[in-house]
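Let us learn to read a structure by asking about its features one at a time. Have the model open as you follow along.

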Amino acid sequence: TVFAVATADSVLVYNTQSSRPVLYITSIHYSPITDIAWSSDGRFLTATSSDGYITITEFLEGELGERLPEEEWPQCAKPKNTTWRATLQAAAAMEE
């Protein structure tokens, strides 16, 4: 299992098999980070800050392991709106 934690100025990605982060992202915003979120496919991690900016980190398919099928997600992990998914699909399409 992989999860992310945000501090005011960093995003850390952990694997539950290790006590140390597998990824440490810092100095990405001038203002404090206000939120982080994964895309439903686990390939994108976004960080927003109070300066109004958003950073999208893309991972290669399989880079962080296998994706858990959505039907096996706990209810609290299921997307609550479709805006998030549409935004990430648009961002991915821009890179193609």
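Q: Where is Leu68 placed?
A: Keep in mind that this model is predicted. Leu68 is in the loop between strand S6 (54-58) and helix H1 (83-95).

Q: Why does Leu68 count as partly exposed?
A: Buried means under 20% relative accessible area, exposed means over 50%, and partly exposed lies in between. Leu68 has 41% relative accessibility, so it counts as partly exposed.

Q: Is Ser39 buried or exposed?
A: Begin with its place. Ser39 sits in the loop between strand S4 (33-38) and strand S5 (44-49). Its relative accessibility is 7%, so Ser39 counts as buried.

Q: Which backbone atom lies 3.3 Å from a polar atom of the Ser39 side chain?
A: The backbone nitrogen of Arg43 does.

Q: In what order do the 3 strands of the open sheet come?
A: Read across the sheet, strand by strand. The order is S1-S2-S3, and the pairing is antiparallel. Strand S1 (2-6) and strand S3 (23-26) are the edge strands, each pairing on one side only. From one strand to the next, the twist averages 15°.

Q: How many bridges pair S1 with strand S2?
A: S1 and strand S2 (residues 10-15) pair over 5 bridges, in the antiparallel sense. Look at one partner: Ala6 is bridged to Val11 in S2.

Technical notes: Residues are numbered from 1 along each chain as its sequence is written. This is a predicted model: local features need pLDDT of at least 70, side-chain atom pairs count only at pLDDT 80 or more; totals for chains, interfaces and linings use all residues. Side-chain values use heavy atoms; hydrogens and water are left out. Two strands pair if DSSP finds at least two bridges between them. Helices (H or I, at least four residues) and strands (E, at least two) are DSSP runs, numbered from the N terminus. Axes are lines fitted to C-alpha atoms, for helices over the stretch in contact, and angles run from 0 to 180 degrees between N-to-C directions. Buried means under 20% relative accessible area, exposed over 50%, partly exposed in between (1.4 Å probe, protein chains only). A polar contact is a pair of N or O atoms within 3.5 Å; within protein, one must be able to donate a hydrogen and the other to accept it, and residues adjacent in sequence count only if both atoms are side-chain atoms.
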